[in-house]
Amino acid sequence: MAKVDVGGFLREISLDLCPDVSVGEYVLIHTGFAIQKVDEEDAKETLALLQKMAEAI
Amino acid sequence: MKFIDEFRDQEIAKGLIEKIKKSSSKSIQLMEVCGTHTVSIFRYGIRGLLPDHIKLISGPGCPVCVTPNSDIDFAIALCRQEDVILTTFGDMMKVPGSTSSLQVEKAEGRDIRIIYSSLEALRIAKENPEKKVVFFAIGFETTSPTIAVAILHARQEGIQNLFFLNSQKRIPPALYALLQSRQVKINGLILPGHVSAILGTGPYQFISEEFSIPAVITGFEPLDILQGIWMLVKQIEENRPSVEIQYKRIVKKEGNPLAMEKIETVFKKADGNWRGIGRIPESGYRFKEPFQAMDARRFEVVVEPSKEHPECLCGEVLQGIKTPLECRLFKKACHPENPIGPCMVSIEGTCHTYFKYQ
């Protein structure tokens, strides 16, 4: 089990399905379980791509 | 980065809409499979932002909505047993069965408890060893591994009084059935982000390979959805159907192998019964042999014959064949305070979303 900050509230969730996480990382939670890590690099890449597209218009 | 506000940027959204307008020439219909997508699309007014020739239709991805009356009737029969505590996700409470609902049963004194996680059912079972605790297990591939984990914990800890009324569904076989029926024109699929966080891209390959239909696994923020639509438009215009991932910050090609392993340890594929659609091959799960003692369907209870409201169009709405606006009951006899079909109950249900935003 792990404690996560959900919009300012601390919640206890299970890491049974996503054990490989460290303090400070973001996870996707579904019905009390972390089911996937949020990949910051990929998020930045997507945003950079979108930004570039919007500027090109 | 909080991964939410960044994906709601108005300027980037405007750019994406322009891009979609410029690169699309064909008249197309895209289906958003997932109810959470339907909610986002309505909340952010995305339908109104797209050019007239791009139409969005809603699909079967609401787990409450696809649960057939016969399963709700079974849950009601179970909760009427003196020694049973029925646990369920909150959304199921108001869904009408053939003649009653869990909410009505609770008001009449049955021990029905709303839970947020399968692990709470495990806790309730431990705290009430003299009772049989049944979890009404609904959900798609996002939820199934969490149910499998509760089952594995129960077995490991020797819990004997926890049972599962299994009504879980698998999304890819339902999409297969939908595409095969050809009842609705679908030029592209906006695939569910969180189901795909578990599945990855593998189970969807048939969509492009067998049906030549483009598909994009998409996130739920407005920029995610607009980018997903733009990726579909590009695939369609360039005539290169494939399964792509827009929601890269969450969905990996291989999905979540550990979660899949949990599902496969506990369940085997079996036919699933979908509301309004009927039996779809391999679209559900059955317990594997070592876990069959936890199957609540083994309880000897009298389940009333199942019947549905003759005018409710949930079945057609779930397949994108009709919209809620075509239903005679919509906003008249059927509304969130008095839902007649499950699509008006669930916050992810298409009728509920139309009621709230249309």
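Colleague: Which strand of chain B does helix 8 run at about 160° to?

Modeller: This is a predicted model, so take what follows as such. Helix 8 covers residues 144–156 of chain B and lies across strand 5 and strand 6 of chain B. The one that makes the angle of about 160° with helix 8 is strand 6 of chain B.

Colleague: Does the length of helix 8 of chain B agree or disagree with its residue count, and what is the distance between its end C-alpha atoms?

Modeller: Helix 8 of chain B has 13 residues, and at 1.5 Å a residue they should span 18 Å.

Colleague: Which residue just after helix 8 of chain B takes a positive phi?

Modeller: Inside the helix there are buried residues, including B:Ile147, B:Val149 and B:Ile151. Just past the end of helix 8 of chain B, phi turns up at about 70°. The residue with that positive value is B:Gly158.

Colleague: In what order do the strands run in the open sheet of four strands in chain B?

Modeller: The pairing in this sheet is parallel. Strand 4 (112–114) and strand 6 (162–168) of chain B each have a single partner strand, so they stand at the edges with one side left without a neighbour in the sheet. Neighbouring strands are turned by 25° against each other on average, direction ignored. The order is 4-3-5-6.

Colleague: Which residue in strand 5 of chain B is the bridge partner of B:Val84?

Modeller: Strand 3 (residues 84–88) and strand 5 (residues 132–139) of chain B pair in the parallel sense, over four bridges. For B:Val84, the partner in strand 5 of chain B is B:Lys132.

Colleague: What angle does the direction of helix 5 of chain B make with that of strand 3 of chain B?

Modeller: Helix 5 (residues 69–79) of chain B packs on that sheet. It touches strand 3, strand 4, strand 5 and strand 6 of chain B. Its direction and that of strand 3 of chain B make an angle of about 145°.

Colleague: Which are the edge strands of the open sheet of five strands in chain B?

Modeller: The five strands come in the order 2-1-7-8-9, with parallel pairing. The twist averages 25° from one strand to the next. An edge strand pairs on one side only, and here that holds for strand 2 and strand 9 of chain B.

Colleague: Which residue in strand 2 of chain B is the bridge partner of B:Leu30?

Modeller: Six bridges join strand 1 of chain B to strand 2 of chain B, and the two run parallel. Helix 2 (residues 35–43) of chain B packs on this sheet, touching strand 1, strand 2 and strand 7 (188–191) of chain B. Back at B:Leu30, the partner in strand 2 of chain B is B:Leu56.

Colleague: How many bridges join strand 10 of chain B to strand 11 of chain B?

Modeller: Strand 10 (residues 267–274) and strand 11 (residues 278–287) of chain B run antiparallel. Among the partners, B:Lys268 goes with B:Arg286, and B:Lys269 with B:Tyr285. In the hairpin there are three residues between the strands, and B:Gly276 takes a positive phi near 75°. The number of bridges is seven.

Colleague: Is B:Ser212 buried or exposed?

Modeller: B:Ser212 sits in the loop between helix 11 (205–209) and strand 8 (215–217) of chain B. Its phi is near 55°, a positive value in a residue other than glycine. B:Ser212 has 10 of them, so it is exposed.

Colleague: Which helix supplies the largest share of the side of chain B that touches chain A?

Modeller: In all, 30 residues of chain B are in contact with 23 residues of chain A. By class, the chain B side has 14 nonpolar, nine polar and seven charged residues. Six residues, the largest share, come from helix 1 of chain B.

Colleague: Which element of chain A has the lowest mean pLDDT?

Modeller: Chain A has a mean pLDDT of 91, and 98% of its residues reach 70 or more. Strand 4 (residues 33–37) of chain A has the highest mean among the elements, 96. The lowest, 85, belongs to helix 1 (residues 40–56) of chain A.

Terms used. Residues numbered from 1 in each chain as written. Chains lettered and ligands numbered in written order. Predicted model: local features only at pLDDT ≥ 70, side-chain atom pairs only at ≥ 80, totals over all residues. Buried ≥ 20, exposed ≤ 12 C-beta atoms within 10 Å, placed from the backbone. Pairing = 2+ DSSP bridges. pLDDT = per-residue confidence, 0-100. Axes fitted to C-alpha atoms, helices over the stretch in contact; angles between N-to-C directions. Contact = placed C-beta atoms within 7 Å. Nonpolar A, V, L, I, M, F, W, Y, C, P; charged D, E, K, R; others polar. Expected span 1.5 Å × (residues − 1).
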